[in-house]
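Hi everyone, thanks for making time. Have a look at the model on the screen, and then I'll walk you through a few parts of it.

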Amino acid sequence: MTKLATAHHLQSENAAASAIFDEVIDRKNSNSMKWAYGERLLAPDEAAADPLPMWVADTDFKAPQAVIDALHDAVDHGIFGYPGGATAPYLDAVVGWQQRRFGWDVAKEWILQTSGIITTLKTAVQAFSAPGDTVLIQPPVYAHFHNDVLLNGRHLAYAPLEFTGDGYRFNEKTFEAAIRGNTKIFILSHPHNPTGNVWSEDELRTMGEICARNGVLVISDEIHEDLILNPTKKHIPFASLGEKFADNSITCTAPSKTFNLPGLQSANVFVPNKRLREELRRQYERNVFELVNVMGMVAAEAAYAHGEPWLEEMLGYLRANHAHFARAINQADPRLKVLPTDSLYLAWMDCRNLGMSADALNKFMLTKARVWLDKGQKFGIEGHGFMRVNLGCPRATVDEAIRRITSAVAEV
């Protein structure tokens, strides 16, 4: 094949991949939280504005065809009785994914199946701390890290990330100073949501060593592990750093963000330490029936066994979406700044120079710009004046969001 023919072939492949993710699918009548919850979650005037949903972190992309085909086969079988637990092919798919993508050799006995990472976080907080204890987090960070700790009668210890103007960085002194005598758990967002930080080996080791010295268990939420956009960065599973890190940690993973499967309620938790694993399992038994969604297991196995080419195509599409959105917004008005990111399909947009309070900014975006974004205050006080934008959607949706935001801001 000549160089010219090769170039045309690659262009054709790229166009085909782009077409998969360019497809606009109407989700308004699919009982989608993202698209159908406006009247439940928004004020009447906000819902009446019919804002474009770009908030909760699910994508508007169809799952890989291999996943859809596997689900069809399961449906055609026609019987949906109690599952018998993780099968050998399922475990092979989960273990193989970690080895191929991250070079992490996971023992099958470490794996606990759960219905989701949020459920795991709640359960782990109950299992490894007591009411009145503190749990360490790094704001601005995912809202459930805040809310579910407080819901369970624990308190929060804050080690905020340092804002640099273009992003955020970990501060070792701030981190260790935040730990108190009753701090039992550190919940690590890895990669970090919403900033997109991909933690380096040195940063992870520093966090882990500080936690070990202070008797703090690390719960590493690695649900976004597959969504690394910066080709110079790589995801390093926290527990892969060595035996002492594995022994003092619980690693939470799921195919839900990667392959857009959150509604199927399937996750995998890796707990190398047998004592911790059994205590977490006992807390699950206290709280819930331990079996997980049958169809979720089918989808997860198919995704991990056959979904890698689809993922690589999606990552290219997401990189382009991020670059396009950031360039358009940043050039349109100096009062807005989409921060650079190394991961996630979520953009973090600094709107503080518009001079609005956090609540006024959210109302403005919903009713004037008519875009439904995640308000920064959900991620802690450090998020006031910021908005999180879900770019896991067709380019046409991104373009419409750019048009609405820039037009509304031009009138301020």
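Predicted model: local features only at pLDDT ≥ 70, side-chain atom pairs only at ≥ 80, totals over all residues.

Residues are numbered from 1 along each chain as its sequence is written, and side-chain values use heavy atoms, leaving out hydrogens and water.

Helices (H or I, at least four residues) and strands (E, at least two) are DSSP runs, numbered from the N terminus. At what angle do helix 7 and helix 13 pack? Helix 7, residues 117-128, meets helix 13, residues 274-287, at about 110°, and their axes are 9 Å apart. The axes are lines fitted to C-alpha atoms, for helices over the stretch in contact, with angles running from 0 to 180 degrees between N-to-C directions. That makes the two helices roughly perpendicular, a label for 65 to 115 degrees.

Contact here means heavy atoms within 4.5 Å. Helix 7 contributes residues including Thr119, Thr123 and Phe128, and helix 13 brings, among them, Leu276, Leu280 and Tyr284.

Staying with helix 13, which of its residues are buried? They are Leu276, Arg277, Glu279, Leu280, Gln283 and Tyr284, where buried means under 20% relative accessible area, exposed over 50%, and partly exposed in between, with a 1.4 Å probe and protein chains only. Seen down the axis, these residues fall within an arc of 170°, so they line one face of helix 13; the arc is that of the directions from the helix axis to the C-beta atoms. Turned away from that buried side are the exposed Lys274, Arg275 and Arg286. The buried residues pack against several elements, including helix 7, strand 8 (217-221) and strand 10 (267-270).

Now helix 15, residues 308-332: among its buried residues are Trp310, Met314, His322 and Phe325.

Finally, the backbone. Most residues other than glycine have a negative phi, and most peptide bonds are trans. Where are the cis bonds I'd point you to? One joins Pro139 and Pro140, with omega about 0°, and another joins Asn193 and Pro194, with omega about 25°. Pro140 sits in the loop between strand 3 (134-137) and helix 8 (143-151).

As for positive phi, Asn260 is near 55° and Gln265 is at about 55°. Asn260 counts as buried at 16% relative accessibility, whereas Gln265 is partly exposed at 40%.

Terms used: Parallel < 35°, antiparallel > 145°, perpendicular 65-115°, else oblique.
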